[in-house]
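Subject: Structure handover

Hello,

Here is the structure you are taking over. My notes on what was found in it follow below.

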Amino acid sequence: MAHSESLVALNGTQISFIGHDCKDIPDFLGDTYGHFARRLDLSFNLLRSLAGLKVFTELEELVVDNNLLGNDLRLPGLPNLHTLTLNKNHLTDIEALLEHLADVTPALEYLSLLGNEACPNQLVSLDKDEDDYQRYRYFVLYKLPQLKFLDTRKVTPKEVMEAQARGSFMKVVKPKSEAPPNDSRSESHPPSYTPLPRGSRDAKNHKGVFAKCRYIYYGKHSEGNRFIRNDQL
């Protein structure tokens, strides 16, 4: 147990377990920290399931960037979760994901899905453009109208109005082809895509690049919580 706990970065209620190639959330994380953790960063692992989160009952922020999470992703009920980043996973079915999040994360206000096929932009697919991305934003806001920040941008009042009026017609079509979920290359080499500038991956740069952020990253790779808080808008 002591050896396992030595791999965890702990700062009060903020827990980081980054870059350990775990396929499942280790039991010791929940047993040791689940009852008090408010922020959990599990980036740069090989997670295909988040079943181990069921004991993190007080969780408010969850960062699981650069994993292998797919359309079978299921979160436990997390009534206090307001921030979720799922960047650079294997998510393609945006509608199923959003309906699930609406059920289990009623307090969600900050969401980032960059680097997934479910989030259409030219950085992921060259045949996508800004119009495709904007339609995606309208659809997300139609499904999750309480969001204040999506991906790298603040949600605007105009977007909220447009989403209410036309969001139901903005469903993003699921790509016809998907990478095999058991592709061994995905496990040994992280995706080359990153929505962030090169400098943000510097081991010495641990803070968000889009705006000032109260949170510090505890792993050299984490691309987690980069959102602007209300008092910074």
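pLDDT is the predictor's confidence in each residue, on a scale from 0 to 100. This is a predicted model, so local features need pLDDT of at least 70 and side-chain atom pairs count only at pLDDT 80 or more, while totals for chains, interfaces and linings use all residues. Residues are numbered from 1 along each chain as its sequence is written, and side-chain values use heavy atoms, with hydrogens and water left out.

Confidence and overall make-up

The mean pLDDT of the protein chain is 78, and 66% of its residues reach 70 or more. Over residues 183–233 pLDDT stays under 50. For that stretch the model has 113 contacts beyond four places in sequence, a contact being heavy atoms within 4.5 Å. In the protein chain, of the contacts with a separation of 6 or more, 53% are between residues 24 or more positions apart.

The protein chain has six helices and eight strands. Helices (H or I, at least four residues) and strands (E, at least two) are DSSP runs, numbered from the N terminus. Along the sequence the pattern reads α-β-β-α-β-β-β-α-β-α-β-β-α-α. Of the 233 residues in the protein chain, 48% are buried. Buried means under 20% relative accessible area, exposed over 50%, and partly exposed in between (1.4 Å probe, protein chains only).

The sheet

The eight strands form an open sheet with mixed pairing, in the order E1-E2-E3-E4-E5-E6-E7-E8. Strand E1 (9–11) and strand E8 (153–154) are at the edges with a single partner strand each, so one side of each has no neighbour in the sheet. Two strands pair if DSSP finds at least two bridges between them. Strand E4 (residues 61–63) and E5 run parallel and are joined by three bridges. Leucine 62 is opposite leucine 84 in E5.

Threonine 85 is also in strand E5 and is buried, at a relative accessible area of 1%. Its side chain makes a polar contact with the side chain of aspartate 65 (2.8 Å). A polar contact is a pair of N or O atoms within 3.5 Å; within protein, one must be able to donate a hydrogen and the other to accept it, and residues adjacent in sequence count only if both atoms are side-chain atoms. Threonine 85 is 29 residues from leucine 114 in sequence, and their C-alpha atoms are 8.6 Å apart.

Helix H3

Which residues of helix H3 (residues 94–104) are buried? They are Ile94, Leu97, Leu98, His100, Leu101 and Val104. These residues are on the same side of H3, because they cover an arc of only 160° around the axis. The arc is that of the directions from the helix axis to the C-beta atoms. The cover over the buried residues of H3 includes strand E5 (83–85), strand E6 (110–112) and helix H4 (130–143). At the start of H3, a side-chain oxygen of aspartate 93 comes within 3.4 Å of the backbone nitrogen of glutamate 95.

The core

In soluble globular proteins, nonpolar side chains tend to be buried together. A nonpolar core is a set of buried Ala, Val, Leu, Ile, Met, Phe, Trp, Tyr and Cys residues joined through side-chain atoms within 4.5 Å. The largest one here has 47 residues, of which Leu29, Leu50, Leu62 and Leu111 touch the most other members. Helix H2 (27–33), H3 and H4 each supply at least two residues of this core. Not counting residues up to four places away in sequence, leucine 50 touches Ile25, Leu62, Val64, Leu69, Leu73, Arg74, Leu75 and Pro76.

Loops

Phenylalanine 44, in the loop between strand E3 (39–41) and E4, has a positive phi of about 55° although it is not a glycine. Phenylalanine 44 is buried, with a relative accessible area of 16%. Asparagine 66 also has a positive phi of about 55°. Asparagine 66 is in the loop between E4 and E5 and is buried at 4%.

Glycine 70 is in the loop between E4 and E5, buried at 13% relative accessible area. Leaving aside neighbours within four places in sequence, glycine 70 contacts His90 and Leu91.

Asparagine 116 is in the loop between E6 and H4 and is buried, at 0% relative accessibility. A polar atom of its side chain lies 2.9 Å from the backbone oxygen of leucine 113.

Regards
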